[in-house]
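User: I'd like to go through the labels on this model and see what backs each one up. Can you set the values against the cut-offs?

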Amino acid sequence: MASAARTTGVVYERRRPEKTTLYEIVRDNVETLYGAIDDGAIAVRIPKHAKKEIEAYLDCGLLCRGFARLRCERCEESRLVAFSCKGRGFCPSCLGRRCVPRRRT
């Protein structure tokens, strides 16, 4: 890691969505919400695409849900990069990435 910091001045640090308040609230309460809807306690219907977004958010950025190993050919340092959900509606990280315009080089 030190060699990458010397050459670029930037050190990669994996974001940790599992430590955010939003992630904890969604993880701890999503099954309760689904159960209340199924029991009729809440008169709301969640569309399938919205459920997919929420469930994908819970897998986003977690190494245990999938990752790629990247290796620098120059310094041979390797990193694990967790897969993202690439969501457009719920995940703050992926939504923010899509909102930022790409720079063309």
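User: What makes α2 oblique to α3?

Analyst: The axes of α2 (residues 21–39) and α3 (residues 48–59) come within 10 Å and cross at roughly 135 degrees. Axes here are lines fitted to C-alpha atoms, for helices over the stretch in contact, with angles from 0 to 180 degrees between N-to-C directions. Under 35 degrees counts as roughly parallel, over 145 as roughly antiparallel, 65 to 115 as roughly perpendicular and the rest as oblique, so α2 is oblique to α3.

User: Which residues of α2 and α3 meet?

Analyst: L22, Y23, V26, R27, V30 and Y34 in α2 meet K51, I54, E55, Y57 and L58 in α3, where contact means heavy atoms within 4.5 Å. By class, that's 8 nonpolar, no polar and 3 charged residues.

User: Why is E77 called buried?

Analyst: Buried means under 20% relative accessible area, exposed over 50%, partly exposed in between (1.4 Å probe, protein chains only). E77 has 14%, so it's buried. E77 is in the loop between β1 (67–71) and β2 (78–82).

User: How do you know that E77 and R79 make a polar contact?

Analyst: Their side chains are joined at 2.5 Å, and the cut-off for a pair of N or O atoms is within 3.5 Å, with one able to donate a hydrogen and the other to accept it within protein; residues adjacent in sequence count only if both atoms are side-chain atoms.

User: Where do the numbers come from?

Analyst: This is a predicted model, so local features need pLDDT of at least 70 and side-chain atom pairs pLDDT 80 or more, while totals for chains, interfaces and linings use all residues. Residues are numbered from 1 along each chain as its sequence is written, and side-chain values use heavy atoms, leaving out hydrogens and water.

Conventions
Helix = DSSP H or I, 4+ residues; strand = E, 2+ residues; numbered from the N terminus. Nonpolar A, V, L, I, M, F, W, Y, C, P; charged D, E, K, R; others polar.
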